[in-house]
Amino acid sequence: MKAYKTSLLNSITLIVFGLWGSMDYICGSASSSSPLIPVIFGVILLICHNGLKKENKIIAHIAFILTLLIFLALFMPLNKAFIFGKDDAVLRISLMIIASGISLFGFIKSFIAARKK
């Protein structure tokens with residue numbers, strides 16, 4: 001799978017599941033506004049999509065760094081969700097981590113292929 005496709009999948013996942021988490025916040029079952037962070041990252045990655053499709057190296061590196069940051073940042077809320085026994089949050093955050101991991105793999109694979117050229 002191409003890096004721009006995995007990034008698109010990741011950005012859509014971050015937006016959709018981040019909005020789901022935000023709805024928990026609005027309805028009062030979540031304790032912070034942190035579910036908006038994946039939405040913001042997802043929107044930024046979605047904006048980078050055309051640059052990734054055109055194989056712009058600078059945009060690819062920016063998208064990689066943002067994906068790595070959100071991948072690492074999602075482990076703290078996952079830990080909190082486990083501690084407080086929120087199964088829906090565990091599922092939601094786990095899916096965002098998996099999508100970000102797949103995207104990171106796609107980026108690394110494309111960087112290796114570009115280096116071989």
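Contact here means heavy atoms within 4.5 Å. Keep in mind that this is a predicted model.

Q: Which residues in α4 do Ile37, Pro38, Phe41, Ile44 and Leu45 in α2 meet?
A: Helix α2 covers residues 36-47, and its axis lies 10 Å from that of α4. Going by the contact cut-off, heavy atoms within 4.5 Å, the partners of that α2 group are Ala63, Leu66, Thr67, Leu69 and Ile70.

Q: Are α2 and α4 roughly parallel or roughly antiparallel to each other?
A: Their packing angle is about 165°. Angles over 145 degrees count as roughly antiparallel. The crossing itself is left-handed. So the pair α2 and α4 is roughly antiparallel.

Q: What distance does α4 reach from its first C-alpha to its last?
A: Helix α4 runs over residues 57-73, which gives it 17 residues. At 1.5 Å a residue the expected value is close to what the model shows. The C-alpha to C-alpha reach is 24 Å.

Q: Which residue caps the N-terminal end of α4?
A: Look for a side-chain oxygen by the backbone nitrogen of Ile58.

Q: Is Glu55 buried or exposed?
A: Glu55 sits in the loop between α3 (49-53) and α4. Most residues other than glycine have a negative phi. Glu55, though not a glycine, has a positive phi of about 60°. Its relative accessibility is 63%, and the cut-off is over 50%, so Glu55 counts as exposed.

Q: Which residues in α5 do Phe71, Leu72 and Ala73 in α4 meet?
A: Helix α5 spans residues 75-84, and its axis comes within 5 Å of that of α4. The two axes cross at roughly 20°. That makes α4 roughly parallel to α5. The residues met in α5 are Phe75, Met76 and Pro77.

Q: How many Å apart are the end C-alpha atoms of helix α6?
A: Helix α6 takes in residues 87-116, 30 residues in total. Its buried residues include Arg92, Met96 and Phe107. At 1.5 Å a residue α6 should span 44 Å, and the model agrees, with its end C-alpha atoms 43 Å apart.

Q: What separates the C-alpha atoms of Met23 and Phe41?
A: Met23 has its place in helix α1, residues 3-27. At 48% relative accessibility, Met23 counts as partly exposed. Along the chain, Met23 and Phe41 are 18 residues apart, and their C-alpha atoms are separated by 17 Å.

Note on methods. Residues are numbered from 1 along each chain as its sequence is written. This is a predicted model: local features need pLDDT of at least 70, side-chain atom pairs count only at pLDDT 80 or more; totals for chains, interfaces and linings use all residues. Side-chain values use heavy atoms; hydrogens and water are left out. Helices (H or I, at least four residues) and strands (E, at least two) are DSSP runs, numbered from the N terminus. The expected span of a helix is 1.5 Å times one less than its number of residues. A polar contact is a pair of N or O atoms within 3.5 Å; within protein, one must be able to donate a hydrogen and the other to accept it, and residues adjacent in sequence count only if both atoms are side-chain atoms. Axes are lines fitted to C-alpha atoms, for helices over the stretch in contact, and angles run from 0 to 180 degrees between N-to-C directions. Angles under 35 degrees count as roughly parallel, over 145 as roughly antiparallel, 65 to 115 as roughly perpendicular and the rest as oblique. A crossing is left-handed if the near helix is turned anticlockwise from the far one by less than a right angle, and right-handed if clockwise. Buried means under 20% relative accessible area, exposed over 50%, partly exposed in between (1.4 Å probe, protein chains only).
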